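Reader: I am new to this structure and would like to learn how to read it. Could we take it feature by feature?

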Amino acid sequence: MKRKDGLAMKLAMLALATALVVHGHCAFAQGAAPDPTAAANGYVDAPHNWQMWFPAAGSPMQARIDWLMKYVLWIMAGVVGFVAILLGYVLIRFRAGRHPKPSQTTHNTLIEIIWVVVPCIILAIIIIPSIHLIYYEANASDPYMTVTVTGHQWYWEYKYNAVPGLDYSSYMIPDDQIKPGEIRRLSVDHPLVLPVGKKIRFVITSADVLHGFYLPSLGVQKYAIPGTDLTSWTTIEKPGTYFGQCNQICGMDHDAMPIEIKAVPLKDYLAWTKIALANYTDNTVSSPLSSPMPRNQLADATR
Amino acid sequence: MSITVDDHALIDQAHHKQSFVSRWLMSTNHKDIGTLYITMAFIGACFGGVLSMIMRQQLMYPHNDIITNGNTWNAIITAHGLIMIFWFVMPALIGGMGNWFVPMMIGAPDMAFPRLNNMSFWFLAAGFVFVLLGLFLDSGTGAGWTLYPPLDNAQYSPGVATDFTLFSLHLAGISSLLGAINFIATILNMRAPGMTMHKMPLFCWAILVTAFLLLLAIPVLAGAVTMLIMDRNFGTSFFEPSGGGDPVLFQHLFWFFGHPEVYIMILPAFGIISHVVSTFSKKPIFGYLGMAYAMVIIGFVGFVVWAHHMFVSAISTDSKIYFEVATLIIAVPTGIKVFSWIATMWGGSIEFKTPMLWAVGFIFLFVIGGATGVVLANAGLDQELHNDYFLVAHFHYVLSMGAAFAIFAGFYFWIGKMSGHPYPEFWGKVHFWTFFVGVNLTFFPQHFLGLAGMPRRYPDYADAFAGWNFVSSVGSIISGLSTLVFFYVLYAVFTSKEKLADNYWGEGATTLEWAVPSPAPHHTFEDVPIIR
């Protein structure tokens with residue numbers, strides 16, 4: 001009994017020491033406090049080379065999109081395959097060398113009815129689950145929390161509606177400042193931090209031109225339109241890092257305003273909000289070291 | 001349908017000599033104007049093609065340095081889109097082949113309004129100058145071909161480039177509108193005796209439906225563009241939220257034009273494919289009436305599906321469902337067309353001449369583009385796929401392979417009738433196969449990029465997208481080399497000494513243009529042909 005306790009003690013000490021080392025490496029702003037978003041570093045849902053399908057689903061919404069995509073794509077693959085076989089057969093069977101005497105048939109009522117009715121049935125088979133998905137995606141009610149996402153030329157601003165004063169900007173890390181572990185063109189200086197397992201509503205708008213808030217691994221996409229608030233939502237299932245990009249042309253640096261999300265357990269998220277509040281003043285990041293370009297003065301002035 | 005044309009009516013107007021200026025700058029002859037349009041399309045395709053080669057070279061590797069300025073990149077993508085649509089596909093199919101063959105096919109001596117016809121062309125030529133100014137002046141127009149405000153308003157796109165691009169759309173729009181009026185008047189009033197609507201060749205049906213789409217869609221574009229110009233220059237706020245306007249209004253107006261525009265580009269292609277398939281199968285079209293009315297239905301439904309381009313913009317849930325269902329319905333008449341083409345070949349005696357290769361390639365690749373279109377029509381899936389490379393792959397399958405393949409099918413089919421000389425069959429086939437490999441290699445991998453989440457209109461991308469982008473760029477180089485083969489084909493045609501017979505395709509070619517000499521005389525019919 002005693003011996004077992006001792007072992008457990010040693011293991012706990014070891015774990016603590018490891019944790020301290022890890023924290024030391026990814027020290028948050030001041031370097032003193034532990035980084036509450038560390039839990040998101042274990043799993044990175046980023047695109048990989050030669051990828052041929054959707055990213056791994058990070059939310060139930062993306063899982064449903066993935067399912068419907070497979071469903072529709074297999075049906076359409078069947079249609080394309082059928083047409084290809086038909087076309088191949090006709091081209092071989094009725095080529096001039098083999099079939100010198102053309103028929104003059106130009107009508108066949110039955111077959112003409114079949115090729116109207118069968119596509120209608122196929123469409124009905126597609127439409128039913130498809131409409132379910134539309135309703136599912138539209139239901140942003142009863143969220144745990146709401147984040148107001150504002151697109152700017154060329155960065156994203158995240159305002160946590162439930163945490164007064166927590167409102168900051170997120171810039172892409174410029175190519176020449178990429179550090180090991182960061183992904184060029186996807187990593188940002190201050191990611192959006194969200195709790196896992198909770199329904200999060202995004203209210204999406206823009207301060208200047210159109211932008212697109214596009215999170216492929218979570219199945220979220222909406223335009224950011226000045227003067228209009230659009231709503232979407234997500235529930236992130238496991239702690240990890242998720243990426244997105246601006247997906248509506250917005251000017252010179254359209255390709256340089258990615259979205260990075262750190263999804264962490266709720267208690268870590270709550271711990272992070274306290275640290276973030278201390279570090280971020282209203283809509284201004286305390287250390288905008290890595291801002292890739294000067295803020296668009298015009299855009300901010302008109303807001 | 002049997003055709004009687006008095007031989008003595010077809011006197012070649014060899015004596016008909018005009019000065020260069022009066023023939024080409026003040027032209028009133030539908031064939032000369034058609035030739036001008038085809039020349040315009042050729043120039044447009046070269047410009048648009050070079051722009052696409054530049055883009056694919058930049059995208060060949062991540063962090064590439066061919067284009068380092070995002071504004072230059074945006075100007076190139078904008079010009080590529082607009083030039084390919086308004087100065088390549090439309091003049092090739094409608095102004096070019098439409099002008100050449102609609103009057104001939106219906107037995108009319110010329111278009112209804114020959115001077116209006118000339119004016120249509122020169123508006124388009126002026127528009128091309130403007131769109132190039134929009135590309136080269138200042139830092140160019142960088143709003144994308146969709147021109148969504150506020151990015152192209154005076155605040156975010158200062159300078160005259162955007163104004164030139166907007167006015168170029170006005171010019172191209174007026175050109176299309178006048179052309180549409182001319183085609184409608186010609187087809188409805190100038191058919192030869194006995195040529196009832198239900199005997200009219202399918203290409204004429206296609207152009208007629210296209211002309212109605214233009215007639216109804218272009219004014220909406222003109223309104224939207226005018227409002228943009230007003231917002232930019234006269235302080236109005238149609239699309240400016242701070243003044244009570246709404247950028248979403250522009251999206252509605254643009255796509256109310258933009259979606260019919262898609263069918264404006266593909267319906268004439270359908271017409272050409274029908275003729276080519278029928279000719280080389282040596283069989284009449286299967287289900288002629290179904291084919292004609294399928295186009296009418298596509299044209300009609302094409303007007304009520306526009307907001308499927310706005311599934312992730314400001315749009316209600318119920319509207320999404322309506323627009324999804326309406327969009328999917330278009331698959332039914334499109335299916336009628338595809339199956340009727342196959343049924344036309346069924347039981348035929350198929351000759352694989354170059355135009356037929358392009359037509360068969362068209363049918364297969366258009367079906368692939370149509371299938372991804374059905375995928376994208378699902379609003380729920382569009383939330384993932386909107387504006388990414390899956391979409392880029394989709395619309396290039398229906399345009400770069402659909403419309404462009406039909407243009408080449410029409411070119412090889414009719415170049416003998418237009419020039420009087422045959423094309424080199426071997427090099428035509430080389431052109432087809434290299435282009436087929438090239439465009440598929442370019443655009444098929446883009447489906448994967450889209451599924452992986454690569455957004456469109458990016459000059460630089462995350463390194464994870466490098467593999468398929470490289471393959472795609474290699475494909476574009478093959479397509480580019482293939483175009484050099486096409487240049488040789490053109491050279492061979494115009495230097496050929498060989499003369500062609502009236503009907504050089506034989507028994508399968510039954511429409512009126514095959515009853516006149518090759519090249520078609522300056523005035524096609526001096527006596528009215530009688531169709532029994």
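Reader: What distance separates the centres of domain 1 of chain A and domain 2 of chain A?

Author: This is a predicted model, and the values below are computed from it. The centres, taken over C-alpha atoms, are separated by 37 Å. The assignment behind this gives domain 1 as 60–94 + 111–138 and domain 2 as 145–301 of chain A.

Reader: How many residues of domain 1 of chain A are in contact with domain 2 of chain A?

Author: Six residues of domain 1 are in contact with seven residues of domain 2 in chain A. The two domains of chain A bury about 580 Å² between them, with 58% of it on carbon and sulfur atoms. Pro60(A), Met61(A) and Gln62(A) supply 75% of the area that domain 1 of chain A buries against domain 2 of chain A, more than any other three residues.

Reader: Which polar links and salt bridges does the rule find across the interface of domain 1 and domain 2 of chain A, and how many?

Author: For polar contact, it finds three residue pairs, both residues at pLDDT 80 or more. On the side of domain 1 of chain A that touches domain 2, the elements giving two or more residues are H2 and H3 of chain A. H2(A) gives the most, with four residues.

Reader: Now the two chains. How many residues does the contact take from chain A and from chain B?

Author: Chain A gives 90 residues and chain B gives 98 residues. The area buried between chain A and chain B is about 7800 Å², of which carbon and sulfur atoms give 68%. Trp115(A), Arg184(A) and Ile249(A) supply 9% of the area that chain A buries against chain B, more than any other three residues.

Reader: How many salt bridges and polar pairs are counted between chain A and chain B?

Author: There are three salt bridges between the chains. One of the side-chain pairs meeting in a salt bridge is Asp460(B) with Arg185(A), at 3.2 Å from N to O. Polar contact between chain A and chain B is counted for 31 residue pairs, both at pLDDT 80 or more. Several elements of chain A each supply at least two residues to the side that touches chain B, among them helix H3 (109–138) and strand E9 (230–235). The largest share of that side, 17 residues, comes from H2(A). By class, the side of chain A that touches chain B has 56 nonpolar, 24 polar and 10 charged residues.

Reader: What should I look for in the backbone?

Author: Most residues other than glycine have a negative phi, and most peptide bonds are trans. Arg185(A) has a positive phi, near 75°. This residue sits in the loop between strand E4 (167–170) and strand E5 (192–195) of chain A. Trp50(A) also has a positive phi, near 60°, and lies in the loop between strand E1 (44–45) and H2 of chain A.

Reader: Why does Arg185(A) count as buried, and why does Trp50(A) count as partly exposed?

Author: Arg185(A) counts as buried because its relative accessibility is 10%, and the cut-off for buried is under 20%. Trp50(A) counts as partly exposed because its relative accessibility is 45%.

Key
Residues numbered from 1 in each chain as written. Chains lettered and ligands numbered in written order. Predicted model: local features only at pLDDT ≥ 70, side-chain atom pairs only at ≥ 80, totals over all residues. Heavy atoms only, no water. Contact = heavy atoms within 4.5 Å. Buried area = accessible area lost by both parts, 1.4 Å probe. Salt bridge = Lys/Arg side-chain N within 4 Å of Asp/Glu carboxyl O. Polar contact = N/O pair within 3.5 Å; in protein donor to acceptor, adjacent residues only side chain to side chain. Nonpolar A, V, L, I, M, F, W, Y, C, P; charged D, E, K, R; others polar. Domains from an automatic or database assignment. Buried < 20%, exposed > 50% of the residue type's maximum accessible area, 1.4 Å probe, protein only.
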